[in-house]
Amino acid sequence: MTQNTAFFSDISQHLNASQIITNSVEMAGYIKDWRGNFSGSAAAILLPASTKEVSEIMRAADAHDQIIVPQGGNTGLVGGGIPDNSGKAVIISLAKMNRVREINADNRSMVVEAGCILQTLHELTEAEGLYFPLNLAAKGSCSIGGNLATNAGGVNVLRYGNTRDLCLGIEVVLIGGKVMNLLSPLRKDNTGYDLKHLFIGSEGTLGIITAASMKLFALPKARATAMASVNSVSTAITLLERLQRQSGEQVEAFEIMPKTLIDVVLKQFPALQRPLENPDAFVVLMEIASTNAADGTPTQDGTIPINDVMETFLESAFEDGLIDNATLARNAAQRQQLWDIRENAPESTKKESWPVNTDISMPVSSLETFYTEATKAVHAIDDTVRICGYGHLGDGNLHFNLIEREGGDPDWAEKRPVFTKILYEVLSKVHGSISAEHGIGRLKVDQLETVKDTVALQMMRQIKTSFDPKSLLNPGVVLK
Ligand SMILES: Cc1cc2nc3c(=O)[nH]c(=O)nc-3n(C[C@H](O)[C@H](O)[C@H](O)COP(=O)(O)OP(=O)(O)OC[C@H]3O[C@@H](n4cnc5c(N)ncnc54)[C@H](O)[C@@H]3O)c2cc1C
């Protein structure tokens, strides 16, 4: 580590000693990413507890040319919150900025600080009869600041949109210490450029998000969750379209997983229950939800209306040969069992192998072609590779991940870049995106240069320079 003495003596006037971590044992959790693909080094971790303290840090950073790396829950998957190895950067963790400033039921909005953990926001809003629909498997650790900085997606994008769509306003601290207050609770506000959108998805390269005003919704009172076995991606797409129509567009989540992945999840988490015996090539996990309590209340003959919608849908799909096996959750515990399979998918593949990971999107109409062509291209080189392509089908977003054959492949490390290249070649044929929801981070900086429109890249650099002329904020992330 290399400490910038002038910076440290300046900020120690504004933070107390417990807010400046320099001990390597305590720093360890901040300088390595969740997947173990990125590790760096930092001069210190700073833990500001207020917008004013963030502002003092950003003022001092500008005055003393200090490199800053913002960090939330450190669940990012592209290395955006991890410093380089020079040891010069300081990480600003927003973890202590975790107050809920306001929940406004009439306006259906809340103002929360950046370090609030997503799951905590779920619990607090549900206690008020309200719903914050952003939902991802990292919800127990990721922060709303990180969700905004990455424009996170997750399993409910289909109905509610991604983090950008859920955001009404933000408070952001710029290099130099200025606080830009865009913390509007308004749903309509056409007063010039909507600057919040520049910061959403900017991965900590333009400013530090310290608080946000987020939309809330009516809390669903009834849900029906089912898993069905299907033989192809295109059948899964047909099912989604049917379920949307038959349920009156009540679909909250529609996830696809190949059988190969289910086997890996059950191997790595043997306590989980096998959801379907002998599934076909894929399973889909689908959920519909209603805010009307009557939809979840048994009628005189004992039927639960929302379950009835799902059952009718499954029966017709079965009769039409679209599915050959399905299960409907009858209670909250059964619902959780189905979700446990999906939510443990990232952890399972990480435990099983050093996967080739992707986070790609494409038109829904191209998913079948991509899946087939990518599988063919990978298996042409090595037909023992296990294809674990899963994800948010309705958004056209796949985590088309590959893991080595059962028992391990001694050449896997050499093969990984070859497979990665092949997958992106197939992706380019269907005009997909190299990053659907995880961002660019450090991982895809070079790749972005090859796929993004050159004028757009130029404009991105100009925007970066106007907010951060000395490139002190998260250098090397998003842009070279
Ligand atoms: C098991 C698992 C499942 C996941 N599932 C999904 C999923 O379904 N969908 C999805 O989109 N992502 C998913 N992710 C990725 C990750 O959870 C998201 O990217 C999340 O939004 C990151 O939040 P964080 O607080 O952990 O941010 P961090 O990892 O700490 O940071 C991420 C980026 O944001 C910047 N940043 C963080 N806080 C701020 C701030 N306050 N101001 C400015 N910049 C900031 C960092 O510099 C970094 O570039 C998953 C991750 C894991 C481990």
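**Chat on a predicted model: sheets, ligand shell, domains**

Colleague: What does helix α13 lie across?

Modeller: Helix α13 (residues 345-352) lies across β13 (251-258), β17 and β18, and runs at about 20° to β18. Helices (H or I, at least four residues) and strands (E, at least two) are DSSP runs, numbered from the N terminus. Contact means C-beta atoms, placed from the backbone, within 7 Å. Axes are lines fitted to C-alpha atoms, for helices over the stretch in contact; angles run from 0 to 180 degrees between N-to-C directions.

Colleague: OK. What order do the strands take in the open sheet of seven?

Modeller: β15-β12-β14-β13-β17-β18-β16, with antiparallel pairing. Two strands pair if DSSP finds at least two bridges between them.

Colleague: Which strands stand at the edges there?

Modeller: β15 (325-328) and β16 (360-361). Each has a single partner strand, so one side of each is left without a neighbour in the sheet.

Colleague: And how many bridges between β17 and β18?

Modeller: Seven, in the antiparallel sense, between residues 386-392 of β17 and residues 397-403 of β18. The bridge partner of G389 is F400 in β18.

Colleague: Switching to the ligand. How many residues surround it, and which are closest?

Modeller: 37 residues surround the ligand, with G72, G76, G80, G145 and G146 the closest. A residue counts as near if its C-beta atom, placed from the backbone, lies within 6 Å. The elements that give two or more residues to that shell are β3 (68-71), α5 (144-150) and β10 (208-215). The largest share, five residues, comes from α5.

Colleague: How do the shell residues divide into nonpolar, polar and charged?

Modeller: 16 nonpolar, 19 polar and two charged. Ala, Val, Leu, Ile, Met, Phe, Trp, Tyr, Cys and Pro count as nonpolar, Asp, Glu, Lys and Arg as charged, and the others, Gly among them, as polar.

Colleague: Which domains give residues to the shell?

Modeller: Domain 1 (5-93) and domain 2 (100-218) both do, so the ligand lies between them. Domain bounds come from an automatic or database domain assignment.

Colleague: What about domain 3 and domain 4, how far apart are their centres?

Modeller: 25 Å, taken over C-alpha atoms. The contact takes 15 residues from domain 3 and 14 residues from domain 4. On the domain 3 side, α9 (233-247), β13 and α10 (259-268) are the elements that give two or more residues. That side divides into eleven nonpolar, three polar and one charged.

Colleague: Back to sheets. What is the order in the open sheet of five strands?

Modeller: β5-β6-β10-β8-β9, paired antiparallel. Its edge strands are β5 (100-104) and β9 (179-182), and each pairs on one side only. The twist averages 10° from one strand to the next. Four bridges join β5 to β6 (residues 109-113). N104 stands opposite S109 in β6.

Colleague: Last one. How many helices and strands in the protein chain?

Modeller: 17 helices and 18 strands. The C-alpha trace spans about 70 × 60 × 45 Å along its principal axes.

Definitions and conventions
Residues numbered from 1 in each chain as written. Predicted model: local features only at pLDDT ≥ 70, side-chain atom pairs only at ≥ 80, totals over all residues. Contact = placed C-beta atoms within 7 Å.
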